Amino acid sequence: MYRTLLIGIMLAAQVSSRQCDSSSTSSSGSGAPTNVLPIVVNAGPTNNYLNGAFANVTICVPATSNCQTIGGILIDTGSVGLRVVSSVLTLPLPQQTGAGGAPVVECLPFVDGFTWGPVQTADVKMAGETASSIAVQVVGLDKFPTVPGSCSSQGTAEETLNDLNANGILGVGLFREDCGLGCAITGSSNPGLYYTCPSSGCVIAAEPVASQVQNPVSHFAVNNNGIVIQLPTVQTGGAPSSSGTMTFGIGTQSNNALGSAKVFTLDNLANFATVFNGQTYTSSFIDSGSNGIFFLDSASTGLPDCKNSTGFYCPTALTALSATQRGLNGTTNAVAFNAGNVDRINATFSVFAEATGANPGGFDWGLPFFFGRTVFVAIAGQSTPGGTGPFWAY
Amino acid sequence: MTRTTLVAIAALAFSTLPSPTFASLGGNVGTVDADRVQMKAAQLRIIRTSAYTLHELQSPAGVTIREYYAPGGTVFGVAWEGPWPPDMRQLLGPYFEQFQRATGAARNTRRTRGVLMVNDGSLIVRISGHARAFSGFAYAPGLLPQGVQPNVIR
């Protein structure tokens, strides 16, 4: 009861609805950049997130002023496309339809579960930029309550605010759409993310690339080749919250130039390599949606696992570490980082740069990697002054 | 027999293949070839060591699946890498529901995001990755052949 009430209050605080006026895409002031979206690292809409970067996103019924601004949307460079939890969405977005006019519903796999829900069409507005009439996913079981067996076989559903601990996920990763050609064809090579759901039941369907859930950034009129995330350094021991920016475009304006940033190109799975203690780990990546630096295991690092915060490391003393990232293009950079004790974080803190944890055989450079850096994410196929995406740069 | 990927499900949806049976974690090597044919996976290689045999398959969607068999033929571990995760129900077989329960239990207050580790004693699962790149492994410690270290399952 208390829990329900508390969540209700937080929802009311984080979700607001407003009518957009037609000038909402213009500059907020004379000469002010219109490509900068404020982001905050805090506990998020369920008040329990560690190292989650959130922002406000405005969505509208396409080509109308019927809009809603939703806060508490997780900024995730590890996925692609906007997904909104159905319980916070108040807009009547048009449903995308496929063969025979049947509604299109998606099952998108994440590492910790899958999101199931209908594909709908929206205008997506952030800072001064608009992605017009793009596919987004509405996550939830309210409209299509029966998850097909081929979707539930992925693991565990993440359908609600309490599953995701966010009002939605803004996937601003390395691609223009969440699946690509594989989902656009029929046959055994289709990975089965998209379904059409006539009344007789949902079946896997081929989904044209342009109809798939889209990275909103790649649909902006300008500043559409990638993003730049800037977050401040966090003091050792953590902080209650911090704030930074997501700037749209790479090398398209004075505020998003690559400058001296090193470019790291990627392999066929969009990974690079990390060298640690003389060993090379090829399945390495940067991901703002991961809430720690997850690497190897307790046996190979000497870092003890936490007793309470399962999955994180909990060394008794702050432990200094270093690893070298290496792009497919041979670019290298040594990254120094610290491992701290996640079980001992001040309970009121939501930002902790020393959050590390287990990921046997791999390196996942999560949100703490972004602290104190300017990180560029170039979208596949998009041209930038640093070359054609996909790549990371910092 | 091993049925491993989501792609297998897609294949079934687009074809009239008969309903297959699966061998997965805890299953047996006996039917692996028939299963591989049905899922249209390519056999990349078989590696035999004194302690176990590794069958490496590739699904039509490009997911590489490795299955580790004990000398008696029991699958004691599985691993995968590719643009999409495999069908966990197929891959984990009798361990799937245990996996689902454990992932639900893992959602504690200071929960990890972006990597999934399940360790409930009789089942270890790790999943990592990002858009269009997933990797992971699963094994049952109780099925590990003598002398085999878990870190061979990658």
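What percentage of the 154 residues of chain B count as buried?

## Chain B

In this predicted model, 53% of the 154 residues of chain B count as buried, a residue being buried if 20 or more other C-beta atoms, placed from the backbone, lie within 10 Å of its own, exposed if 12 or fewer do, and partly exposed in between. Chain B has 4 helices and 7 strands, where helices (H or I, at least four residues) and strands (E, at least two) are DSSP runs numbered from the N terminus. From that end, the elements follow the order α-α-β-β-β-β-α-α-β-β-β.

## Two domains of chain A

Chain A is assigned domain 1 (35-219) and domain 2 (253-393), with bounds that come from an automatic or database domain assignment. The contact between them takes 24 residues from domain 1 of chain A and 25 residues from domain 2 of chain A, two residues being in contact if their C-beta atoms, placed from the backbone, lie within 7 Å.

## A residue in strand S16

A:Tyr281 belongs to strand S16 (residues 279-286) of chain A. Because 18 other C-beta atoms lie within 10 Å, A:Tyr281 is partly exposed. Leaving aside neighbours within four places in sequence, A:Tyr281 is in contact with residues including A:Ala273, A:Phe276 and A:Phe363.

## Notes on the model

Residues are numbered from 1 along each chain as its sequence is written, while chains are lettered from A and ligands numbered from 1 in the order in which they are written. As this is a predicted model, local features need pLDDT of at least 70 and side-chain atom pairs count only at pLDDT 80 or more, whereas totals for chains, interfaces and linings use all residues.
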